[in-house]
2 protein chains.
Amino acid sequence: MTIIDLIPAPLTKEGFADFGDVIEIDGAERIPINQGTTERFHALTQLDVAEQKGKPILSIFRATARPAPIKIELMERHPLGSQAFFPLSDHAWLVVVSSATNPSPENLSAFLARGDQGVQYAKNTWHHPLLIIEPTQDFLVADREGPGENLDEIWFGGKKNARLVLS
Amino acid sequence: MTIIDLIPAPLTKEGFADFGDVIEIDGAERIPINQGTTERFHALTQLDVAEQKGKPILSIFRATARPAPIKIELMERHPLGSQAFFPLSDHAWLVVVSSATNPSPENLSAFLARGDQGVQYAKNTWHHPLLIIEPTQDFLVADREGPGENLDEIWFGGKKNARLVLS
């Protein structure tokens, strides 16, 4: 079996541009509000969930770590809506995406997100389900509720596999 | 001058029902996802921002504490959309709301939110701008971007004032 090592790159807006938005303070429009007591880092991402009468909802995802080294055996996408994740504790976490039409172990991109960075996967972007480094971590998630089939999955299941290598 | 002391009650779904939703894990629908590695606490609130072509956006608010005792001198509301706040660090914070048509120091309700609780103010609900207890605290905020005038403010400015009393 061939194993492809994925080494995550630091998450940046530029590196992630093909996949969606990085939700972070760096580079944001800053607006002083609330009688000067609050700074608003404005519109870090816009939710894109209205297709087929979708509604935007907030949920919490409580993730647990997968065994190391983390094997990447599947990818998923949501054809009807974007999906945003923001960590609720300040610990680094992992993002694996693919811009290929048919994701495979050879065409994945991996990113190391800081604990003060979230992402929004654009509608129909292939991504791996939530991956963390700490034993457990909660995320606030903004995504779509509504009619229609909003999940595609692809399992690699072949002779090649990918794994995440953390330095 | 008459000073009205507001003593915050613990934030609960029942106590907050007239004002919007409490965003919390307690009592949520739980769905196992991601090959059993993640628990989804599903649809803790639905965003209500579509009026007059509004779009849902995510922002970060960085709040700083007001001097203690915190004076409540104004209230605001957003007639075109809901507004959700979730703390990004696990510290208690404060919520002041009013169900009156014309809020005044006599008809306010105050709540102490835990650091793992968020709220969504329903559209057009009078609330005080963000109030925290720690020197600074960040929040993920989900609200509305779009045309139209989406902020009403009322300043008390009279002979009566309210202040928050923390035990």
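Predicted model: local features only at pLDDT ≥ 70, side-chain atom pairs only at ≥ 80, totals over all residues.
Local features need pLDDT of at least 70, side-chain atom pairs count only at pLDDT 80 or more, and totals for chains, interfaces and linings use all residues. Residues are numbered from 1 along each chain as its sequence is written, chains are lettered from A in the order in which they are written, and side-chain values use heavy atoms, without hydrogens and water.

On each side of the interface, 43 residues are in contact with the other chain (heavy atoms within 4.5 Å). The buried area is the accessible area (1.4 Å probe) lost on putting the two parts together, summed over both. The table gives the values for this pair of chains.

| Item, chain A and chain B | Value |
|---|---|
| Buried area | about 3,800 Å² |
| Share of buried area from carbon and sulfur atoms | 58% |

In chain A, the residues that lose the most area to chain B are A:Q35, A:L58 and A:I60, together 17% of what that side buries.

Two salt bridges cross the interface (a side-chain nitrogen of Lys or Arg within 4 Å of a carboxyl oxygen of Asp or Glu). One of the salt bridges joins A:R40 to B:D143, with the closest N and O atoms 2.9 Å apart.

Strands are DSSP runs of E, at least two residues long, numbered from the N terminus. β6(A) gives the most to the side of chain A that touches chain B, 10 residues. β6(A) also runs antiparallel to β5 (residues 38–46) of chain B, joined by six bridges; strands pair if DSSP finds at least two bridges between them. Within this pairing, A:R62 has B:E39 as its bridge partner.

Terms used
Helix = DSSP H or I, 4+ residues; strand = E, 2+ residues; numbered from the N terminus.
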